[in-house]
Amino acid sequence: MKAPTLRAVLFDFDGTLWDSESAVFEVMRDLYREHGQELTLETWSGAVGTVGGFEPYATLHRLVGPGMDVDAVRDSTEARILEAAREVPMRPGVEAFLRQVDEAGVARALVSSDRSEWLVTNLERLGWSHGWAAMVCAEGIAEHAKPDPHLYLAALEILDVPPTSALAVEDSPNGIRAAKAAGVPCLCVPNAITETLDLSGADALSSSLDGLDLLGVWSAVNAEKGR
């Protein structure tokens, strides 16, 4: 059976287009160490790709006790995260893959559990603020964040594209589950934070976008679905 025509590629942002996940985790792990605590990757993974999956400041406060000024710690840590993010480049192969999407005449959109302000700021720094047909973000609303399909369904509605004609590009289990719940086939490109997690729900898995052929991936994803 012939694969549906690819009309849109829906990209996750953090950890997928750039490895901000690793940068944020390093800042948070340092924060915990400064307070005599350990933040493991296993624990942190609950925060990846969603809102409210793991509350690092509230958890640290419980571990340290009432003497910790949560607001001050949060403010200083968020400033450190912003500083660390300024040094993070696009992941290998991302820019070439985005150009393939554009050259194929396929719409590209962003679907993120983060806030749009974060995306806009960092896309401008990375040189990719242009060309997005839609940007759908959770804006701090946990009920809208992945793994709920809300963001994907909203993006499909904006683009007026059926789920079978879209490809999701994700890096985490929460992202995969959101895409699949919306009926969108998913390519997973994990990073150093997510590569050890259960990514079996994805239709295709690659360690990098580097060297990937867009239409080849689309054919492979649909072949896997047809088995």
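Predicted model: local features only at pLDDT ≥ 70, side-chain atom pairs only at ≥ 80, totals over all residues.
The model contains an open sheet of 6 strands, arranged in the order β3-β2-β1-β4-β5-β6. The pairing in this sheet is parallel. Strands of a sheet pair through backbone hydrogen bonds, either parallel or antiparallel. The edges of the sheet are formed by β3 and β6, each of which pairs on one side only.

Helix α6 lies across β2 and β3, and its direction makes an angle of about 135° with β3. Helix α8, which spans residues 173-181, lies across β4 (166-170) and β5. The angle between α8 and β5 is about 170°.

In α6 (residues 116-126), the buried residues are Trp118, Leu119, Asn122, Leu123 and Leu126. These residues lie on the same side of α6, because the arc that they cover around the axis is only 120°. Glu117 and Glu124, in contrast, are exposed on the other side of the helix. The cover over the buried residues of α6 includes β2 (107-112) and β3 (134-137), together with α4. Gly127 follows α6 and has a positive phi, near 85°.

A similar analysis was made for α3. This helix covers residues 56-64, and in it Pro56, Tyr57, Thr59 and Leu60 are buried. The four residues span an arc of only 160° around the axis and therefore fall on the same side of α3. Helices α1 (20-34), α2 (41-44) and α4 (70-85) are among the elements that cover the buried residues of α3. After α3 comes Gly65, with a positive phi near 115°.

Thr194 is located in the loop that connects β5 (186-188) with β6 (204-205). Although in a loop, Thr194 has a relative accessible area of 0% and is buried. Its side chain takes part in polar contacts with backbone atoms of two residues. A polar atom of the Thr194 side chain lies 2.7 Å from the backbone oxygen of Asp171, and the side chain also reaches the backbone nitrogen of Asn191, at 3.0 Å. When neighbours within four places in sequence are set aside, the residues in contact with Thr194 are Val48, Asp171, Ser172 and Leu199.

The cysteines were considered last. A disulfide is a covalent bond between the sulfur atoms of two cysteines. The search of the whole structure found 0 disulfides. For Cys137, the closest cysteine sulfur is that of Cys186, and the distance of 17 Å is too far for a bond. Cys186 is likewise in no disulfide, and its nearest cysteine sulfur, in Cys188, is 6.1 Å away. The cut-off for a disulfide is a sulfur separation within 2.5 Å. Both Cys137 and Cys186 are buried: the relative accessibility of Cys137 is 11%, and the relative accessible area of Cys186 is 0%.

Definitions and conventions. Residues numbered from 1 in each chain as written. Heavy atoms only, no water. Buried < 20%, exposed > 50% of the residue type's maximum accessible area, 1.4 Å probe, protein only. Helix = DSSP H or I, 4+ residues; strand = E, 2+ residues; numbered from the N terminus. Arc of directions from axis to C-beta. Contact = heavy atoms within 4.5 Å. Polar contact = N/O pair within 3.5 Å; in protein donor to acceptor, adjacent residues only side chain to side chain. Pairing = 2+ DSSP bridges. Axes fitted to C-alpha atoms, helices over the stretch in contact; angles between N-to-C directions.
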